[in-house]
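Dear colleague,

I am passing on a structure that you have not worked with before, and my notes on it follow below. Please read them with the model open beside you.

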Amino acid sequence: MRGRPTTHDNDAVVLKAQQVFWEKGYSAASLQDLQTATQMGSGSLYNTFRGGKKELFSKALQQRREAFMAFKKEMKQHEAPVELIKDFFRSLAEADEHTHMKGCIVANTVTALAFVDSDLEAEAVGILKDVERMFTDAIREAQRSGAIANPADAAVLGRYLITCWNGLNVTRRMHPNKEKLKELIEMQLSALT
């Protein structure tokens, strides 16, 4: 006998759960929090995501990967991809205080799940390494075309940018002030001139 038909959009459910994880972190997000956010009972939630909370979190991380991959696609079509990277960083300063306090769910995962869940930590690290490669490739091309004069190895500059990203996501919690963040971001982006 079949159960009740599925009446929800999995992507929308994952997005709602992602917000809970982003706000509370993986460990602090309870089943009740996830049920409330997704408007699903525990049975429906576990029938849809048989791996439970871990599978749901993994899918939330994958939604972030997809967002970065969409950005990568946009960069490939743009005449000045490094300018898009700069705008990406600059947009951090424009966020509201609540967004600053959340940080980056991917970077948060690397630190929060170190020594807690190596699979989820590795997933998050993989996403950040993909972003680092995306930065590196764009920088290398910009150096070839003369758009970036900095002679440093493109891989080092790509790693520098991901380090800046990770650091900014902590610093914006310390200083959720647009002007302070703008100054810091511009100083960091000066490496791309």
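To begin with the annotation, an unreviewed UniProt entry lists residues 17–58 as "domain: HTH tetR-type". Please keep in mind throughout that this is a predicted model. In the model, the span of residues 17–58 is 71% helix and 0% strand, and its end C-alpha atoms lie 11 Å apart.

The unreviewed UniProt entry also lists residues 95–184, under the name "domain: Tetracyclin repressor-like C-terminal". For residues 95–184 the computed content is 78% helix and 0% strand, with the end C-alpha atoms 15 Å apart.

I then looked at the second largest pocket, which holds about 270 Å³ of space. Its lining is made up of 15 residues, and those that lie nearest the centre of the pocket are Trp22, Arg64, Phe88, Leu92 and Trp165. Two or more lining residues come from each of helix H4 (52–77), helix H5 (81–94), helix H7 (105–112) and helix H9 (154–174). By residue class, the lining of this second largest pocket divides into 10 nonpolar, 3 polar and 2 charged residues.

Two of the helices that contribute to this lining, H5 and H9, also pack against each other, at an angle of about 10° and with their axes 11 Å apart. Because angles under 35 degrees count as roughly parallel, H5 is roughly parallel to H9. As for the handedness of this pair, H5 passes H9 in a left-handed crossing.

Notes: Residues are numbered from 1 along each chain as its sequence is written. This is a predicted model: local features need pLDDT of at least 70, side-chain atom pairs count only at pLDDT 80 or more; totals for chains, interfaces and linings use all residues. Side-chain values use heavy atoms; hydrogens and water are left out. On a 1 Å grid over the protein atoms alone, a cavity is a set of points where a 1.4 Å probe fits but cannot get out, and a pocket is an open set with protein on both sides within 12 Å along at least five of seven lines; lining residues have an atom within 4 Å of a point. Grid points are joined across faces, edges and corners, and a volume is the space filled by probe spheres set on the points. Helices (H or I, at least four residues) and strands (E, at least two) are DSSP runs, numbered from the N terminus. Ala, Val, Leu, Ile, Met, Phe, Trp, Tyr, Cys and Pro count as nonpolar, Asp, Glu, Lys and Arg as charged, and the others, Gly among them, as polar. UniProt positions are given in the numbering used here, feature names are shortened, and annotations may be inferred rather than shown by experiment. Axes are lines fitted to C-alpha atoms, for helices over the stretch in contact, and angles run from 0 to 180 degrees between N-to-C directions. Angles under 35 degrees count as roughly parallel, over 145 as roughly antiparallel, 65 to 115 as roughly perpendicular and the rest as oblique. A crossing is left-handed if the near helix is turned anticlockwise from the far one by less than a right angle, and right-handed if clockwise.
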